[in-house]
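Visitor: Hi, I have a structure open and some questions. Can you walk me through it?
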Amino acid sequence: MIRIIFKDLDESELAKEAVHDRIQAIKDRFPDLEEHKLIFTLRMDNSQFKPGPDLFKVKLIITGKKYGGVVLEKSATSLYKALGDVSVHALERLNRFGDKRRIKNRNLERKLLQTRKSKQKEDFYEENSI
């Protein structure tokens with residue numbers, strides 16, 4: 001489920017389409033995201049007291065079982081540039097989630113292999129000591 005929230009910014013169909021296009025590439029790569037809730041907050045910071053260009057922020061919050069707890073926020077002078085930054089960093093972050101699982105499984109397999117080898121050595125020494 002994708003939810004798009006506009007803060008201090010007029011709701012735009014073009015922005016919604018851009019969000020859906022960017023997230024579709026991520027969903028294609030990580031099909032497990034279909035079961036997660038994705039919340040995009042699109043916002044513009046425009047201060048009357050601080051002169052300078054407008055700053056657009058895009059925040060992504062992923063809640064769910066596998067990738068839950070991912071929060072990304074990027075800002076840029078263009079909404080679409082900030083959205084692109086979020087999508088690139090979301091790919092990196094989700095890849096790291098997969099790497100963590102792979103590393104944990106690899107370490108567990110190594111420990112099991114070491115215990116098997118040590119047990120085989122013990123059995124060998126017990127047989128030869130008699």
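Predicted model: local features only at pLDDT ≥ 70, side-chain atom pairs only at ≥ 80, totals over all residues.

Visitor: Where is Thr41 placed?

Guide: Thr41 is in strand β2.

Visitor: And what does Thr41 touch?

Guide: Leave out residues up to four places away in sequence. Then Thr41 touches Ile5, Lys7, Lys57, Val58 and Lys59.

Visitor: Let's follow Lys57. Which strand is Lys57 found in?

Guide: Lys57 is in strand β3. Neighbours within four places in sequence aside, Lys57 contacts Thr41, Leu42, Arg43, Asp45, Glu73, Lys74 and Ser75.

Visitor: How far apart are Lys57 and Leu79?

Guide: In sequence, they are 22 residues apart. In space, the C-alpha to C-alpha distance is 6.9 Å.

Visitor: Zoom out for me. How many helices and strands are there in the chain?

Guide: The chain has two helices and four strands. Along the sequence, the pattern reads β-α-β-β-β-α.

Visitor: Is the chain spread out or compact?

Guide: Spread out, more so than a compact globule. The C-alpha trace spans about 90 × 30 × 20 Å along its principal axes.

Visitor: What share of the chain is buried?

Guide: Buried residues make up 25% of the 130 residues. The chain exposes about 9,500 Å², and carbon and sulfur atoms supply 50% of that area.

Visitor: Now the inside. How many residues does the largest nonpolar core have?

Guide: It has 27 residues. Those with the most contacts inside it are Leu33, Phe40, Leu42, Val58, Leu60, Ile62 and Leu94.

Visitor: Which elements give two or more residues to this core?

Guide: They are β1 (2-7), α1, β2 (37-45), β3 (55-63), β4 (70-76) and α2 (79-129). The largest share, six residues, comes from α2.

Visitor: What is Lys27 in contact with?

Guide: Neighbours within four places aside, Lys27 is in contact with Ile2, Leu33, Glu34 and Leu38.

Visitor: What about charges overall? How many positive and negative charges are there?

Guide: There are 28 positive and 21 negative charges in the chain. Their mean positions are 5 Å apart.

Visitor: One more stop. Where is Asp8 found?

Guide: Asp8 sits in the loop between β1 and α1. Its relative accessible area is 60%, so Asp8 is exposed; the cut-off for exposed is over 50%.

Visitor: What is phi of Asp8?

Guide: Phi of Asp8 is near 55°. That is a positive value in a residue other than glycine.

Note on methods. Residues numbered from 1 in each chain as written. Heavy atoms only, no water. Contact = heavy atoms within 4.5 Å. Rg over C-alpha atoms; globule rule 2.2 N^0.38 Å. Buried < 20%, exposed > 50% of the residue type's maximum accessible area, 1.4 Å probe, protein only. Areas by Shrake-Rupley, 256 points an atom, 1.4 Å probe, with all protein chains shown as cover. Lys, Arg positive; Asp, Glu negative; His and termini not counted. Charge placed at Lys NZ, Arg CZ, Asp CG, Glu CD. Core = buried A, V, L, I, M, F, W, Y, C linked by side-chain atoms within 4.5 Å.
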